[in-house]
Structures are given as C-alpha cells and as structure tokens.
Amino acid sequence: MAYIPGRGAPAAGVSPVGSQYCVCKVELSVSGQSLLDRDITSKSDPFCVLFTENNGRWIEYDRTETAVNNLNPAFSKKFVLDYHFEEVQKLKFALFDQDKSSTRLDEHDFLGQFSCSLGTIVSSKKITRPLLLMNDKPAGKGLITIAAQELSDNRVITLSLAGRRLDKKDLFGKSDPFLEFCKLGDDGKWMLVHRTEVIKYTLDPVWKPFTVPLVSLCDGDMEKPIQVMCYDYDNDGGHDFIGEFQTSVAQMCGARDGVPLEFECINPKKQRKKKSYKNSGIIILRSCKINREYSFLDYILGGCQLMFTVGIDFTASNGNPLDPSSLHYINPMGTNEYLSAIWAVGQIIQDYDSDKMFPALGFGAQLPPDWKVSHEFAINFNPTNPFCSAVLHPPHHHGWGHQRHGGDAARRGAGFQAAHVHHHRGRGQRRLRRHGVPGRGQPRTALPHGRGGSPRYRAVRALSRVPPRSERDLGQSCAGGAAPTSCAVFQA
C-alpha cells in the first residue's frame, strides 16, 4: 500500500480509506492462444494493446512487443498499473497483426479483443477468455490469458550472462542465440518472465545485463525454480531450441565478487538419443545482484526534498502583455497561461520543501540604473538572495485593487508587498523599472494609480500572499528583507 502525500488528511472521525490508502502496483502478463491467421504466406505477427477507460473513452495505455509468425504468443512485455481497490478500472486488451512499421492501429489487422475490470483479473489472479471481434462475435478459436502479480516487493535483480560453445543451428552460419526466463505458475505451467536480446552470428554470445523485479522472476521466493531456455532466432518465428537448465535465485546469488557460475545447456532429446552427449553449450552467469528499487514515496519518507525554481521570460517574443493572445497577457481577471502553469506546479512542489523558500529569476529585460539587458536577475532585485518565502495562491485571491497605493493599513490588509515593474519595448527586450514603497521614505510620484494610468505603466500583479504583522515585516516578505517586493513570480 502507498500513501500519496499532498491530498489532504481525512476528516475527523473518518477512517483513512481512500484512493491514497488503497493503491498498489499490479503487473499484468498477457499471452494468446489459437489466434486468427491474417497472413497468406505465413502466420500472424501479433501484438497486444492495453486500453484504459477515462470519462467514457478508451485511451491507449501501452502495448507489447510483436511476436513474429506466432499464433500462440507469450509476450515478455508486462503492463504495470496502479490498482485502486475502491474504483472500477475498466480495461480492454486488443490484439493486432502487425503488417507495417506504422504505430497507427488502423493500419494493422484486428485479431480480437477482450474487456473486463482490473478487479476481475486481480481477484482471480489468472483468467483465460475468448477474444471477440468488433461485432461481438467470436474471433475464431482465439483466446487470451491474463495473469496478475502484485508488485509489493521493491527488490530488483540484475543478471549478466554469456554463452560458450553453443550448438550451431544455421546451415550457412552460426547461431543467433537468445534466452528466455520462466517461472513456475500456480497451475504448474511455466510462465515467461523475460526474454533477452538476440546476439547475431555467434556461438559465444554476451548478452546485455538486464534488471527485472524479483517478484516477477520468482514471486519473491529465493528457492522457487526458474527455467532458462536458449534458442536460435529465425526470422520466420520458428526458433530452434538449443537447450535449457533450471536454477533458483538462491543459487544464482553465488555469482558474486567476480566468481561466475556455469550451467550446462541441455537438449533433452539429444541427451536421450546419444550416449556420448554432454551438453549443447555452457551458459555463464557472470554476475547476480539484488538491490532495492526505491519509489518516490520511499525517497520522500527518507527525507528527500524538492527544490522549486521559477524562471520568467521577460522578452517581447511572447507578444504584447496587453494583447489577450499573448501568453504574458496581463489579464484583469488575474490569470494567464504562464501563471496557470506556475500555480499548477508550485502548489504541488511546495509540499516537499520544508523551508518554503522559492528562488524566482527573470531574464531578457533591461534593468535600472544603467538599463543593460540582463539574462539572469532576481525577481526581488536581491541578487545575493533571490529566495521568496511564500505559498502560491490562485489568482482570484488577489484583485487589481491590490495594485493601488493606499495607506499602510491598506497594504497590511492586502497581505503582500507589491513591487512595481514597468515594461518598455525595445530590441526584443522588456525594460523594468522598480519604484519605492509609499510610506518608507521612497518616491512615489512616478507611480500611476489604479487602472487609469498608461497601460505600459501597469504593475505586474503579485502572486504571493503573506500577511505581515507589522510595517517592518513588509520588507521581509522575501528572504533578506532588503527589497520590499512580492514573494512570488512576476509575469511579464
């Protein structure tokens, strides 16, 4: 189970049952049997696509690899989903015969589909159902099998393997070997867990190291039997069997500290026919490592914090801020595309920052007193301490009235200290001018009042809201207190 922080605590007297308490990871394995044959000169090349339902619409979630020339595929690619106990999560599995390299599904032949809820699969652990066509008629004798595995164990195993003197299977060349790892299912049948890449034209392959969840490989049971099979890849899908062996994670863990393990690759048919038969080659386990793959929640509970930094583009590339089509539009209603993005991210990230101090920087503006273009400056005009101590709020908390220049009481009531920024067009940049705060011995004659002033002198609205307790606190809204500016992001 996992708790997702930032969604609020349950009300008093209410038991903590909700989506944030009843969610876990589930891995789905898919295989097909007796699929329709859509190809004339060969068999179908099936792949499976998983769809999830969202507001009455089917959305593609993921798809497996393609099984070449195979009417009974066992896909090695797994589907991993969040399982919410209290929700009905509708799923649809659709199989297609790949005819082109296109990702568009309408360019591939449809082989059948099956729909159910995730809860149906989880409660049964494994189901086999007939595939249906679009008209709900049976897709021949086609069946789909789906097995569910809860990923409650966060351990992962990394294996590095090689081969030596494998059997030669190709007439005019060597073999193209690959490995398949299978675990024993509850029904006593072997279930595919992982398939390695194919190494071309060699009898001494070295496969890339790979990592799989330990629960996928052996259900977390270190002694559970694992079957490893070696094949010679053929383009027509009729892969030639080279040999096999059985092992366990406990045994494979002996391949550590540079000491490899060797397994004889045995072909049972050859072993029965030839008394002099020894093996069909050697599979070498070069290393086996088990680690924990920590989740985001593990890092947060372990003390990890996230830093939130805002960068504001003050250049004229986004258009006139007085034009509603501009992303920088100074909207009388208080929002624009940039602000929406900042609020959407900031309100989440702030929960993972203990001091709630957010650096806010701008670029592409001409700054006083020399009006040179700056490509990095602190929004609070304090280059040694650009951090702002405020929580981001939606725009409806701050009306345009907060930009007027009332008395000290009015400013304290507004709950934040505003910095006034002028925007001047020129050479693709915007020009900033910061004015003093009335009541603090600084000039205010250059500040137009309200919305009636010249549009280019309209102050950029402030986003933060930190209620000060005294006039002295007004200058401390941003870290350092030297620059009486708003503690948030200014949007040009």
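Hello everyone, let's start with the largest pocket: the residues of its lining divide into 19 nonpolar, 16 polar and 13 charged. Before going further, please keep in mind that this is a predicted model.

How many residues line that pocket in total? The lining of the largest pocket is made up of 48 residues. If you want to find the centre on your screen, look for Ser31, Ala74, Phe75, Met191 and Leu192, which lie nearest to it. Several strands give two or more residues to this lining: strand 1 (23–33), strand 7 (126–132), strand 8 (138–150), strand 10 (177–184), strand 11 (190–195) and strand 13 (226–232). As for the volume of the largest pocket, the computed value is about 1,300 Å³.

Now let's move to a sheet. Here 4 strands come together in an open sheet, and their order is 12-9-16-15. Do they pair parallel or antiparallel? The pairing is antiparallel. At the edges sit strand 12 (210–213) and strand 15 (261–264), each of which pairs on one side only. Going from one strand to the next, the twist averages 35°. As a reminder, strands of a sheet pair through backbone hydrogen bonds.

Let's zoom in on one of those pairs. Strand 15 is joined by 4 bridges to strand 16 (residues 282–292), and the two run antiparallel.

In general, most residues other than glycine have a negative phi, and most peptide bonds are trans. Asn55 is not a glycine, yet its phi is positive, at about 55°. You will find Asn55 in the loop between strand 2 (46–54) and strand 3 (57–63). The other detail is the peptide bond from Pro368 to Pro369, which is cis, with omega near 5°. Pro369 belongs to the loop between strand 19 (365–367) and strand 20 (372–374).

Finally, a word on confidence. The chain has a mean pLDDT of 76, and 74% of its residues reach 70 or more. Which stretches fall below 50? One is residues 1–21, where pLDDT stays under 50 and the model has 25 contacts beyond four places in sequence. Another is residues 394–492, also with pLDDT below 50; this stretch has 235 contacts in the model beyond near neighbours in sequence.

Methods:
Residues numbered from 1 in each chain as written. Predicted model: local features only at pLDDT ≥ 70, side-chain atom pairs only at ≥ 80, totals over all residues. Heavy atoms only, no water. Pairing = 2+ DSSP bridges. Axes fitted to C-alpha atoms, helices over the stretch in contact; angles between N-to-C directions. 1 Å grid on protein atoms, 1.4 Å probe; cavity = no way out; pocket = protein on both sides within 12 Å on 5 of 7 lines; lining within 4 Å. Points joined across faces, edges and corners; volume = space filled by probe spheres on them. Nonpolar A, V, L, I, M, F, W, Y, C, P; charged D, E, K, R; others polar. pLDDT = per-residue confidence, 0-100. Contact = heavy atoms within 4.5 Å.
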